[in-house]
Amino acid sequence: MKARITVLGAGFAGLELSTILSESLGQDVEVTLIDQSDAFVFGYSKLDVMFGRTTLDAVRLPYRHFAKPGVRLLRETVQAIDPATRRVTTDAGTHDADYLVVALGADYHIAATPGLADANEFYSVAGALRLREVLPTFSKGRALVGVCGAPYKCPPAPSECALMLHDMLLTRGVREQCEITFVLPLPSPVPPSPETSKALMAAFAERGITFMPNRRVTAVDAGRRVASLDDGSELPYDLFLGVPKHRAPAVVVASGLTEDGWVTVNPRTLETKFENVYAVGDLANTGTPKAGVFAEGEARAVATTLISRIRGESDLGLYDGKGTCYIEFGAGRIGRVDVDFFSGPKPTGTYHEPDVALREDKVRFGASRSARWFGL
Ligand SMILES: Cc1cc2nc3c(=O)[nH]c(=O)nc-3n(C[C@H](O)[C@H](O)[C@H](O)COP(=O)(O)OP(=O)(O)OC[C@H]3O[C@@H](n4cnc5c(N)ncnc54)[C@H](O)[C@@H]3O)c2cc1C
């Protein structure tokens, strides 16, 4: 009997995990990978779509191109997960597994911020597409990049949004008629790397972007065009660019896998409290950021463990908590930070100055995944 592995979610974590399992075990294993969408889109592509640098068609990676020996990719919506029996119910039927890996990512909790549904957010594909139409019409007034809660995906992304907005307004010759304010519920833009944070704050200051750390947007009144903050103050705006509060998908919460909103795991092995059930990526509470590079690292660790167990060996994959993030600083320059969460007593980040040459690295990062997962 071949081992059956069910992987829920074909995002950064699910794609990488299924790819490694296929490379190592091929037809010796039955991997069922389930996702409700028909295509994968890199998180950072949403910024490029929103600022009109590319089109959605150019950055969509259709799942029909994901073809790996030993892996069946099914387009189904997960409706219930029973971690005790490792049975998953979808809109198309049930799936039973010897090993279950939950990688359904983080959902956006729009309703948690009253009024946000009537304003703009840029974290979903739909939101980025809407802003792509709105941004060219903004030529005067106050823009507010507002984060509605932490943790949120990709800590530097809202900083990138503020800097890219500055560039766009400058190119259009309207920057002087516009103000940009950035509200963030963190003490600094990239807390594990003081150097990166310092460089980003210097970039905001040079560009006249007002940075408000340790503040969260709690409500938006699109009619009055006012955002409320968690200190009771209000900020008027003409253009709102929001990051919604995040939460684990409702189906995961209902499964009993979560505590305090996210899935409890051993941060090094990604094991949940249920036997042979793992959680990886944005929904797993490992203490590391919610970003694709960390989701991949977690997937690699679980892959090592599963391959070893299926081969009857005793290796245990351990997640190293390391990841590299590329940061858009504007004017075509990309910065880079290499973050390491587990090697020392506290997280560290090594900062690399923004450079035009680092863009090639970022392009390579995307191209390598697209080739590895989709053959594109
Ligand atoms: C603006 C922005 C910029 C970013 N920039 C970067 C960056 O530069 N570098 C970086 O590393 N990360 C970046 N990220 C973060 C990155 O996109 C996520 O952290 C990463 O995608 C998480 O991977 P995951 O596998 O956990 O979840 P996801 O990639 O979100 O995958 C989860 C999958 O589960 C599926 N799913 C959910 N619910 C169901 C269900 N009920 N049934 C079936 N399928 C379901 C979804 O369709 C999805 O495909 C960025 C994110 C944003 C929004």
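**View 1. Strands β23, β24 and β25 of the predicted model, joined by antiparallel pairing.** Strand β24 is joined to strand β25 (residues 348-355) by 6 bridges, and the two strands run antiparallel. Within this pairing, V339 has G349 in β25 as its bridge partner. Strand β24 (residues 333-340) also pairs with β23, again in the antiparallel sense, over 8 bridges, and here C325 stands opposite V337 in β24. The hairpin of β23 and β24 has 2 residues between the strands, and in this hairpin A331 takes a positive phi near 50°. As background to that last point, most residues other than glycine have a negative phi. The whole view is taken from a predicted model, not from an experimental one.

**View 2. The shell around the ligand.** In this predicted model, 34 residues surround the ligand, and the closest are G11, G43, G105, G281 and G292. Several elements each supply at least two residues of the shell, namely the helices α1 (12-25), α2 (45-50) and α8 (292-310) and the strands β2 (29-35) and β23 (322-330). Divided by class, the shell has 19 nonpolar, 10 polar and 5 charged residues. Both domain 1 (3-106 + 248-310) and domain 2 (109-235) take part, with at least three residues of the shell drawn from each.

**View 3. The packing of α1 against α8.** Helices α1 and α8 pack at an angle of about 35°, and their axes are 8 Å apart; the crossing of the two helices is right-handed. On the α1 side the contact is made by F12, A13, E16, L17, I20, L21, S24 and L25, which meet residues of α8 that include G292, A295, E296, E298, A299 and R300, as well as V302, A303, L306, I307 and I310. The residues of this contact divide into 13 nonpolar, 2 polar and 4 charged.

**View 4. The contact between domain 1 and domain 2.** The protein chain is divided into domain 1 (3-106 + 248-310) and domain 2 (109-235), and 30 Å separate the centres of the two domains, taken over C-alpha atoms. The contact takes 14 residues from domain 1 and 18 residues from domain 2. On the side of domain 1 that touches domain 2, the largest share comes from α2, with 4 residues. That side of domain 1 divides into 9 nonpolar, 2 polar and 3 charged residues.

View 5. The 4 strands form an open sheet in the order β13-β12-β11-β17, and the pairing is parallel. The edge strands are β13 (209-212) and β17 (239-243), each of which pairs on one side only. Neighbouring strands of this sheet are turned by 15° against each other on average, direction ignored. Inside the sheet, strand β11 (residues 141-147) pairs with strand β12 (residues 178-183) in the parallel sense over 6 bridges, and V145 has F182 in β12 as its bridge partner. The loop between β11 and α5 (157-171) contains P151, and the peptide bond from A150 to P151 is cis, with omega near 0°. C154 has its place in the loop between β11 and α5 as well, and C154 has a positive phi of about 50° although it is not a glycine. For comparison, most peptide bonds are trans.

**View 6. The open sheet of three strands.** The order of the 3 strands in this open sheet is β19-β20-β22, and the pairing is mixed. Strands β19 (258-259) and β22 (284-285) stand at the edges with a single partner strand each, so one side of each is left without a neighbour in the sheet. Strand β20 (residues 262-264) pairs with β22 in the parallel sense over 2 bridges, and V263 stands opposite A284 in β22.

**View 7. The hairpin of β7 and β8.** Strands β7 and β8 form a hairpin with 2 residues between them. Strand β7 (residues 87-90) pairs with strand β8 (residues 93-96) in the antiparallel sense over 4 bridges, and the bridge partner of R87 in β8 is D96.

Note on methods. Residues are numbered from 1 along each chain as its sequence is written. This is a predicted model: local features need pLDDT of at least 70, side-chain atom pairs count only at pLDDT 80 or more; totals for chains, interfaces and linings use all residues. A residue is near a molecule or strand if its C-beta atom, placed from the backbone, lies within 6 Å of it. Ala, Val, Leu, Ile, Met, Phe, Trp, Tyr, Cys and Pro count as nonpolar, Asp, Glu, Lys and Arg as charged, and the others, Gly among them, as polar. Domain bounds come from an automatic or database domain assignment. Two strands pair if DSSP finds at least two bridges between them. Axes are lines fitted to C-alpha atoms, for helices over the stretch in contact, and angles run from 0 to 180 degrees between N-to-C directions. Two residues are in contact if their C-beta atoms, placed from the backbone, lie within 7 Å. A crossing is left-handed if the near helix is turned anticlockwise from the far one by less than a right angle, and right-handed if clockwise.
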